[in-house]
Every structure is written in C-alpha cells, then in structure tokens.
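Student: I have a structure to go through. Can we test some labels against their cut-offs?

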Amino acid sequence: MSLTRRSFIKQTAAATAALAAGVALPVLGAGANKATVAIAQADVTWSKAPCRFCGTGCGVSVGVKAGRVVATQGDPLAEVNRGLNSDSIASANEGRLDGRASEEIAAALAIDSADPKALALAASAAFEAGRYAGAIGYWRRLLATLEANSPIAVQARKNIDETVGLSAVTVDIRLADGARVASDAAVIVTARTKGAASSTGTTNSASVVDAANATSTLLAERRLSASELPTTIVLDDSLAINPADTLSAYPQVVVEARIVSTSGGDDLTGRSDAKGTESRRANVVIAAPSL
Amino acid sequence: MSARLKNAFTELVSIPEAHIAGIVVHASQSNLEKIKQAISLLPGSEIHAVSPEGKLIVTLEARRSIDIVDHLNVIHALPGVYSASLVYQHHEDIEALDQEIRDEPDASKLY
C-alpha cells in the first residue's frame with residue numbers, strides 16, 4: 001500500500017476546498033481518493049459489518065488485510081444507508097431530489113419497501129415533482145412504519161394535510177337565472193376524471209352525461225341541499241370513493257353539480273372543468289331544464 | 001537580530017519545504033474547458049472536481065509559498081475566472097511528506 005503523507009494532505013486540501021464550495025468530490029475521481037484506489041488494488045478483502053455508532057445500523061464495508069482491519073467505508077449496497085446516500089447526493093445537488101438521487105431512492109425502496117428514510121425522501125421527491133397523489137401515498141406508507149406520536153409521524157400527517165389542501169378543488173355552485181328547484185331537493189356534487197365524451201361541454205341530456213360518466217372515474221362526491229345554493233365548497237381527497245382514485249392523482253377533472261328531480265323530470269345539471277395541480281377552482285352553474 | 005537567531009533562520013530557509021493548497025475556483029461556464037486546460041498546465045496543479053455551476057476544486061503543490069500565491073494569481077487572472085480562493089494551506093519538510101503512512105498494527109488503543 002503506497003499512501004504517502006503528501007497524497008493524504010492533498011486529499012484533505014481537496015476535500016476541504018470541496019466542502020467550502022459545496023461541491024461533491026467524485027468517489028474514485030482523478031486523484032480525489034487515491035487512498036481508496038490504493039486499498040482496492042492492495043491485497044485487501046472487503047467484508048460487511050454494521051456501523052455501531054447509533055442504532056440505525058448502517059452498512060459498512062471493512063477492508064481486511066492479513067487478518068487486520070485496514071480500512072472502512074460506507075457500503076453502497078446496504079439497504080439502510082442507501083437512502084442516506086441519496087440524501088447526501090441531494091444535499092450536494094442543492095437539495096434537489098430528481099435525477100440520481102431519485103434512482104437511489106427507487107433502488108432503496110426496491111430492496112426494502114418499508115424503509116422509512118427512503119419513503120420520506122420518495123414522498124419529498126414526488127411532492128417536488130408535483131405528483132401529489134404519489135407524495136401522499138409515500139407519506140401514508142411512512143406513517144404505517146412509525147409510532148403514531150413520533151415527531152416524524154406528526155410531520156408526515158401535516159405534510160399529507162397540506163398536500164391534500166393543495167390538490168383540492170374549490171367549487172362555486174349557483175343556479176342559473178330562471179332555474180327553479182324545491183328548497184329541499186338534493187344536490188349531488190361530483191368530481192370525475194376527464195373522460196373522452198365529457199369534452200362536449202355543458203349538456204342537460206342524461207344519456208350524454210351517462211356516456212361521459214362511463215368513461216371517467218368518480219373521484220369525489222358530496223351531497224348538499226338545494227336551499228344552500230349558491231355556495232362554495234371544497235372537494236379533496238378525503239371525499240374519494242376509492243382510495244386509489246383521488247383528486248390529487250388527476251390534474252384534469254370535471255366537476256358536476258346535479259339536482260335530482262323528485263318529480264320525475266330531467267335532472268338539472270351544471271359542469272365545469274378544473275385544471276392544474278394546485279389551487280384549482282371550478283365555477284358550476286346549474287342550468288334551467290331545456291323545454 | 002542575534003547571530004544565533006540569524007543562523008537558525010538560515011538553517012530554516014535551507015530546509016526544503018513542500019506546500020499544498022486546496023483552492024476553489026469559480027469560473028464562467030462558457031469558458032470552463034479553456035480554464036480547465038489552463039489550470040492543468042500549471043506545474044503541481046490537479047483538478048479534483050468540477051461542479052455544473054462552474055466551481056472547480058483544485059490542489060496546488062509547490063516548494064515555496066510564493067509559488068502557491070503566484071499560481072493563485074495566475075488562475076485569478078485567467079479570462080472567465082470570477083474568483084480563486086485559498087481554502088486550505090499546508091506546508092512541511094519535504095522528506096516528512098514523502099513518508100509512507102504505515103498500517104497500524106495495534107490500533108486497539110484508539111477504541
């Protein structure tokens with residue numbers, strides 16, 4: 001093994017400068033880690049061991065030469081600190097979790113789908129990318145691995161609430177001029193995925209509405225009384241019928257308000273599109289029945 | 001200055017020294033390739049890392065501190081270099097520096 005004081009001090013100089021600049025040194029880059037290269041080339045066998053400093057149990061590779069420990073380094077294949085690797089990659093990358101950090105997180109989750117660190121990072125990555133439903137999903141999975149009152153669980157619940165709020169749709173509902181309904185009539189407000197047939201726009205024909213509904217998925221449903229109109233309500237993930245189909249999962253939704261006729265006539269409906277990923281609004285006008 | 005002190009200084013100056021410096025160079029991205037080339041031409045320089053935003057991690061090696069300063073000034077004067085800052089500086093006897101770091105046969109005392 002030929003590691004001189006010179007190369008050691010040079011490494012220290014480079015590492016200190018890199019730290020000051022916030023630049024990550026390549027692990028086996030040109031001269032950046034001559035010690036590792038030297039050790040790799042020498043007659044050293046690498047074995048696995050857990051780090052014993054804290055309770056996490058990060059994987060450490062231990063280099064043994066002639067029965068003696070000569071080197072240690074973090075194990076890039078250990079499931080526990082794989083997540084931590086991505087944390088450091090992200091820190092080196094100005095806190096962005098896309099790119100290589102994302103690959104590390106995916107790999108960590110493939111090894112252990114309940115790894116809390118990887119789940120937390122995956123949730124943050126999904127949130128950053130605007131994939132709110134994905135982020136909520138990861139945070140829920142993270143919650144399942146934690147004690148209910150731990151600080152991380154409290155934070156995760158807060159994040160879920162915030163994300164549900166961000167992806168919610170605020171709906172203004174009112175009756176068109178001339179539309180008359182009994183004050184005790186029921187109003188059903190639904191949000192659906194944007195199906196192919198629904199692009200035809202506002203319609204009163206029940207058959208067309210049904211056709212549109214057939215190709216779209218119901219994301220949220222809420223019942224009101226006609227006496228509450230006009231009103232503003234918020235539809236969010238908590239109103240989802242099926243946990244897999246939530247408002248946060250679809251950027252384009254169609255909001256429909258329907259007054260169910262008790263006298264056997266056509267239902268009165270109004271619909272509106274809500275687009276975007278956050279602070280979506282829809283303005284629904286329930287039209288008078290066509291005569 | 002006493003004669004003894006003078007002798008001590010003369011002796012000190014005659015001992016060959018090695019200086020190692022770690023510096024951060026912030027350069028414009030458009031000139032990065034040329035700057036990298038220019039820095040690598042300096043004797044005793046080595047580029048360890050280059051960040052996407054144009055920061056270079058460079059080590060300089062020289063026999064005298066004035067050479068380190070000169071190299072730093074040369075890098076600073078390159079067109080497209082915003083700044084070259086000295087972050088780490090080390091110097092010692094050249095003989096001590098080329099010693100090999102040996103395996104510790106009994107590291108148990110460390111624990």
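Student: What makes A:Trp139 count as buried?
Tutor: This is a predicted model. In it, A:Trp139 has a relative accessibility of 6%. Buried means under 20%. So A:Trp139 counts as buried.

Student: How do you know whether A:Tyr132 is buried or exposed?
Tutor: Use the cut-off of under 20% again. A:Tyr132 has 5% relative accessibility, so A:Tyr132 counts as buried.

Student: Why is A:Phe127 called partly exposed?
Tutor: Its relative accessible area is 29%. Buried needs under 20% and exposed needs over 50%, with partly exposed in between. The value of 29% therefore makes A:Phe127 partly exposed.

Student: How many aromatic pairs does a search of the whole structure find?
Tutor: Two, over all chains.

Student: Why is the pair of A:Phe127 and A:Tyr132 called tilted?
Tutor: Take the distance, then the angle. The ring centres are 5.3 Å apart, and rings pair if their centres lie within 6.5 Å. The planes stand at 45 degrees. Stacked needs under 30 degrees and edge-to-face over 60. At 45 degrees the pair is therefore tilted.

Student: And what makes A:Phe127 and A:Trp139 a tilted pair?
Tutor: Their ring centres lie 6.0 Å apart, and the limit for a pair is within 6.5 Å. Their planes are at 55 degrees, so this pair is tilted. Edge-to-face would need over 60.

Student: Why does this pair tie together parts that are apart in sequence?
Tutor: A:Phe127 lies in helix α5 of chain A, residues 116-128. A:Trp139 lies in helix α6 of chain A, residues 132-145. The pair therefore ties together parts twelve residues apart in sequence.

Student: Which residues form one aromatic cluster?
Tutor: A:Phe127, A:Tyr132 and A:Trp139. A:Phe127 pairs with A:Tyr132, and A:Phe127 pairs with A:Trp139 too.

Student: What helices and strands are there in chain A?
Tutor: Chain A has eight helices and ten strands. Of its 291 residues, 40% are buried. Among contacts with a separation of 6 or more, 55% involve residues 24 or more positions apart. Chain A exposes about 15200 Å², with 53% of that from carbon and sulfur atoms.

Student: In what order do the elements of chain B run?
Tutor: From the N terminus on, α-β-α-β-β-α-β-α. That chain holds four helices and four strands. Buried residues are 36% of the 111 in chain B.

Terms used:
Residues numbered from 1 in each chain as written. Chains lettered and ligands numbered in written order. Predicted model: local features only at pLDDT ≥ 70, side-chain atom pairs only at ≥ 80, totals over all residues. Heavy atoms only, no water. Buried < 20%, exposed > 50% of the residue type's maximum accessible area, 1.4 Å probe, protein only. Helix = DSSP H or I, 4+ residues; strand = E, 2+ residues; numbered from the N terminus. Contact = heavy atoms within 4.5 Å. Areas by Shrake-Rupley, 256 points an atom, 1.4 Å probe, with all protein chains shown as cover.
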